[in-house]
Amino acid sequence: MMALKPNFLIPQLLINFCQASTTMRYLILALCFFLPLFSIAQSEEKIELTEYSFAEFFQMIEDESSDVFTLKNAVLKYDSLTDDRYVQTGEDFTNFKIRPQFDHTDTLRISKKLVLENILVNDYSVSGIDGLIFHHLLFEQEVTFKNCIWKIFHSTFLRPVRLEYSDAISLLHISYFGREFWPQTSFNNSTFKDGVFLITDNQNDHPINIQFYFEKCQIYPYQEDNYRSRFSMYLSTDKIFKVEINENIFYGSSDVYIDSQSGDDLIITKNNFHDNQVRIHLFNTTPFPILIIRENVFKRPVELALDELKQSNEIEWTDFSQGIYSFLAYNDLMYETAVNYGRDSVRYIFEDYFNHIRIEDKNSYRAEIALHGKLKDLYDDNHDVESANAVFITMKDIETQRLEYLYQESPSFDTYFKWKVNQFLKIFSAYGTEPSKAITFSVYVILVFGLIYLFFPNHWDSHGKDRILHRYQFFFKYLNKDAGMHDVYLDGKKDELAHYDGFKNFFIENGKTVPKFFLATALPLYRWSTASTRSASWFLSKIDIFKGKWADLPAPQRAAKTVLLTLAFAIA
């Protein structure tokens, strides 16, 4: 038979199907219907899980001849005859706020490196035994957990802990229990001396239905001298149902990296980050049902990436007393620096970015304002005026720094005025968020000027009032005399000029018997003292266009002189 070309294969099969007998056609249709179901059944084939008691599990580790203990596809099942060590005592076993109690507190040492995959613990939720917990363990070597469900309390990890999860965890539960659970992996009151890494490898859109808890732990940096040594905790929690990081203490100056993409619940509360560079990246296409970040102590600015937020999300602004900055802008700078100068140089550029680049670079500045704006929108939606105002003040502070930079780059009255107005508004009313501060500021101004007037009092009674009366006297004399305005003015200054002329004559008569310095300086002082009076007299002689008594002038001139003198009197 001639071989069919690929592009003719499907039409030829259709022709053969039409030419086949009725029975054959029914058989072909049946195969087409059941083949997909068969494929689905094959894809969900049960994973065979071997059962071990807790005691057997640890004995297997002890008996391992090599330095690495590997176990895959197993269930650790409680045995009442051998596993009492792993039962928590007390009245409430599910509430972690109540300190758990244990009958056994001796430390069990595990000296081998562990690589465990697909390990389930048949805990109280399915066994009926309350509080099945691994506790008081000392792991001396590196530990890798792949799709493992544990509750580990009061334990110490001397080497790195690596946790890996995928959506295969759901298949494990279906294989063993016949249905899917929402298991919990918990680390409580434990110490991680060499960092902890949580990695998710989810190939499908199906969520990883586990709940992950870190509570009351002490976490130290990864010690190996390479790029990863920057991390004390690295959490990539893509599609994990729930992650809680509560009441932990992070030591060292390493990074704490929390990356959540489309997770369901993320809670970060009451943690103390000593000198850690904390990065919280929330790349969620839909808002988190539960997102809580509150009561933490961040001693350095926090790197944030925020996509969608919803009104029920809770992010406490007071946590970020040291500030926040945008991952989107900073990451571009880090990448460029790593390419040009090597990865180790990345850790040294943060201060330059936070203090300068995000102010000077236009795109970085916009990213910073956008990040702060998302938080302000969240607080506005929740009517949290205090937090919204605090974020707004921070945004305006960043804006003021940029205005200062723009003035330094391009000095002008416009850029200078914008910069100084912002500075004034910060002092006067906290950028308008505290109107009462304006009243307080005004009171301080009154007190300051009151202090000035205390030492430099006003001479209104002895000077100002008499000066106005002299003005009236001057204009009355001028309107009733034929003399010009400058003559009346000089007549009023006659005593003053005679006084100064007396000084002048005295200087000239006695100047011959004193050093020349005194006469040379006294005469200019005399001219300066009389210059104002003589200049005013000259000016008045030039503007006096209607001489003579006001009553004797023609009506038009009288009206014009009235208008001019009224204006002159008001100015005087």
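Lysine 396 counts as buried at 18% relative accessibility, where buried means under 20% relative accessible area, exposed over 50%, and partly exposed in between (1.4 Å probe, protein chains only). Its partner in a salt bridge is glutamate 399, at 2.5 Å from N to O; a salt bridge is a side-chain nitrogen of Lys or Arg within 4 Å of a carboxyl oxygen of Asp or Glu. The model is predicted: local features need pLDDT of at least 70, side-chain atom pairs count only at pLDDT 80 or more, and totals for chains, interfaces and linings use all residues. Residues are numbered from 1 along each chain as its sequence is written, and side-chain values use heavy atoms, with hydrogens and water left out.

**Salt bridges**

- The count comes to 14 salt bridges.
- Glutamate 399 and lysine 396 both lie in helix α9 (residues 385-409), three residues apart, about one turn of the helix; helices (H or I, at least four residues) and strands (E, at least two) are DSSP runs, numbered from the N terminus.
- Glutamate 399 is partly exposed, at 24% relative accessibility.
- Lysine 77 and glutamate 51 form a salt bridge of 3.9 Å, N to O.
- This pair links distant parts of the chain, with lysine 77 in strand β2 (residues 68-77) and glutamate 51 in strand β1, 26 residues apart.
- Lysine 77 is partly exposed at 36%, and glutamate 51 is partly exposed at 40%.
- Arginine 162 and glutamate 164 form a salt bridge of 2.5 Å, N to O.

**Second largest cavity**

- There are three cavities of 30 Å³ or more; on a 1 Å grid over the protein atoms alone, a cavity is a set of points where a 1.4 Å probe fits but cannot get out, and lining residues have an atom within 4 Å of a point.
- The second largest cavity has a volume of about 50 Å³, a volume being the space filled by probe spheres set on the points, which are joined across faces, edges and corners.
- Its lining includes Phe57, Phe58, Ile110, Leu114 and Trp150.
- The elements giving two or more residues to this lining are α3 (54-63), β6 (113-122) and β8 (137-139).

**Leucine 49**

- Leucine 49 sits in the loop between α2 (22-43) and β1 (50-53).
- Leucine 49 is buried, with a relative accessible area of 14%.

Methods: 1 Å grid on protein atoms, 1.4 Å probe; cavity = no way out; pocket = protein on both sides within 12 Å on 5 of 7 lines; lining within 4 Å.
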